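Here's a quick tour of a protein model, written for someone who likes to know the cut-offs. Have the viewer open and follow along.

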Amino acid sequence: MKLYNIKENDEQVSFGQAVRQGLGRNQGLFFPSELPKFDDVDALLAEDFVSRSAKILSALIGEELPAEKVSELVDNAFQFPAPINQVKDGVYALELFHGPTLAFKDFGGRFMAQSLAAVSDGGKITILTATSGDTGAAVAHAFYGMEDINVVILYPKGKISPLQEKLFCTLGKNIHTVAIDGDFDACQALVKQAFDDAALREEIGLNSANSINISRLMAQICYYFEAASQLSKEQRENLVVSVPSGNFGNLTAGLLAKALGLPIKRFIAATNANDTVPRYLETGEWDPKPTVATMSNAMDVSQPNNWPRIEELCRLKGWGLDTLGKGAVSDEQSAESVRDLNDLGYLCEPHGAIAYRVLEEQLQPGETGLFLCTAHPAKFKEVVDDILGSDIELPGPLAKHAAMELLSEDLANDFEALKAVLRRVQ
């Protein structure tokens with residue numbers, strides 16, 4: 001598999017290099033030089049989740065890793081289901097929260113950990129990543145206890161849910177968590193600065209586990225195929241998918257699935273008040289505003305890193321950006337949709353509820369709607385309980401970590417201070 005740097009096309013790397021390196025020169029994202037196309041999608045969808053995913057990922061990676069090795073990586077990473085759940089006639093929820101950290105990031109985080117181990121040259125590696133909530137837990141648990149890999153996770157202090165924080169800031173060992181005095185975009189900017197420091201990158205073997213890493217993105221393609229496999233042929237040929245969007249890795253993966261041959265009619269990018277992309281699709285002007293804190297905090301991103309990949313894919317496929325649905329939802333509307341879903345007998349948290357609301361507004365007669373539920377409602381217990389007047393029971397993983405002591409350190413939004421931390425944890 002060859003990939004190129006979207007910003008500097010002359011930089012071309014292998015899959016292994018892209019996984020180890022994370023970002024290209026000038027903070028450029030890597031993108032596949034060629035995308036395979038599955039002609040007999042129905043036959044592919046008839047296979048089980050792990051077998052199908054191994055075929056998809058092996059076709060993407062190519063000869064760099066033997067098919068048997070890719071199958072082993074997938075088998076180790078995807079040890080939990082991605083079921084769909086009918087919410088009402090013609091509308092389904094894709095539940096991506098059945099992994100160990102109860103969020104969709106488990107798919108990408110675990111496959112990346114497996115991939116990195118497979119392509120590692122034996123040197124020490126430092127994973128540096130920023131999280132707005134769920135990435136941190138998925139990455140922390142995926143890499144926990146792995147030899148010669150240190151993980152440093154930055155998150156905005158006081159801007160993620162307490163249960164999200166407990167799930168990844170209580171592990172210790174090779175997992176180091178840092179609460180930054182700033183928002184998620186500030187955390188992301190620090191990560192970019194670190195990657196721009198060539199000497200530091202070389203010194204500590206720097207890598208990133210954000211959705212900018214191509215291995216994470218590739219893993220996410222697989223659950224779109226899994227969702228379609230649970231629908232009838234007629235339903236999936238008129239399928240509209242609504243994606244709760246923050247850093248836009250999830251939507252990128254869905255569009256890649258379509259490029260590989262999955263017959264999705266159209267996608268909807270659903271955001272909260274951090275509506276840079278919906279406004280851009282409306283006006284053609286990229287005008288990020290300061291990040292706004294919302295109850296759907298994992299989507300509190302005003303400068304989404306993965307958007308250039310979406311533009312690149314649409315350019316290559318000749319897809320107009322105007323074919324993307326879009327919508328921004330306020331906190332009040334999010335809460336209303338949580339209540340609406342609860343009235344239908346489906347317990348959901350604000351991120352999934354945002355995707356549901358925009359889907360409901362834009363779904364046409366004869367179409368089948370699918371919205372992504374990216375986290376277990378209990379991860380946002382305080383918010384959901386407040387909206388519904390409920391008392392959600394904590395699943396096992398959350399109950400266990402809720403009782404543990406936080407191990408994070410606080411840090412100013414300062415690159416030199418971060419460099420000191422990165423060197424100290426070696």
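Predicted model: local features only at pLDDT ≥ 70, side-chain atom pairs only at ≥ 80, totals over all residues.

Is Lys173 buried or exposed? Lys173 counts as exposed, at 66% relative accessibility; the cut-offs are under 20% relative accessible area for buried, over 50% for exposed and partly exposed in between, with a 1.4 Å probe and protein chains only.

## Ground rules

Residues are numbered from 1 along each chain as its sequence is written, and side-chain values use heavy atoms, with hydrogens and water left out.

## Positive phi angles

Back to Lys173: its phi is positive, about 55°, although it is not a glycine. Lys173 sits in the loop between helix H7 (162-168) and strand E8 (175-180). Helices (H or I, at least four residues) and strands (E, at least two) are DSSP runs, numbered from the N terminus.

Phe248 is another non-glycine with a positive phi, near 70°. Its spot is the loop between strand E10 (239-244) and H12. Phe248 is buried, with a relative accessible area of 3%. Then there's Gly318, which follows H14 and has a positive phi near 70°.

## Aromatic pairs

The model holds 14 aromatic pairs. Rings of Phe, Tyr and Trp (its six-membered ring) pair if their centres lie within 6.5 Å; planes under 30 degrees apart are stacked, over 60 edge-to-face, and the rest tilted. Take Phe78 and Phe107: the ring centres are 5.5 Å apart and the planes sit at 75°, so this pair is edge-to-face. It ties together distant parts of the chain, with Phe78 in the loop between helix H4 (67-77) and strand E4 (84-88), and Phe107 29 residues away in helix H5 (residues 105-119). Both Phe78 and Phe107 are buried.

Those two belong to one aromatic cluster, made up of Phe49, Phe78, Phe80, Phe107, Tyr223, Tyr224 and Phe267. Elsewhere, Lys258 lies over the face of Trp319, 5.2 Å from the ring centre. For that label, NZ of Lys or CZ of Arg must be within 6 Å of the ring centre and within 35 degrees of the ring normal.

Gln220 is in helix H10 and is buried, at a relative accessible area of 2%. Not counting residues up to four places away in sequence, Gln220 touches Phe104, Gly249, Asn250 and Ala253, where contact means heavy atoms within 4.5 Å.

Helix H14 (residues 307-317) has Trp307, Arg309, Ile310, Glu312, Leu313 and Cys314 as its buried residues. The cover over them includes strand E1 (2-5), strand E3 (30-32), helix H10 (214-229), helix H12 (249-259) and helix H13 (276-283).

## Leu422

Leu422 is in helix H19 (residues 415-424) and counts as buried, at 0% relative accessibility. Neighbours within four places aside, Leu422 is in contact with Thr126, Leu128, Val152, Leu200 and Ile204.

A search of the whole structure turns up two cavities of 30 Å³ or more.

The largest pocket has about 310 Å³ of space. Of its 13 lining residues, Arg20, Asp121, Arg201, Gly205 and Leu206 are closest to the centre. H9 gives the most to this lining, with three residues.

On the method: a 1 Å grid covers the protein atoms alone; a cavity is a set of points where a 1.4 Å probe fits but cannot get out, a pocket is an open set with protein on both sides within 12 Å along at least five of seven lines, and lining residues have an atom within 4 Å of a point. Grid points are joined across faces, edges and corners, and a volume is the space filled by probe spheres set on the points.
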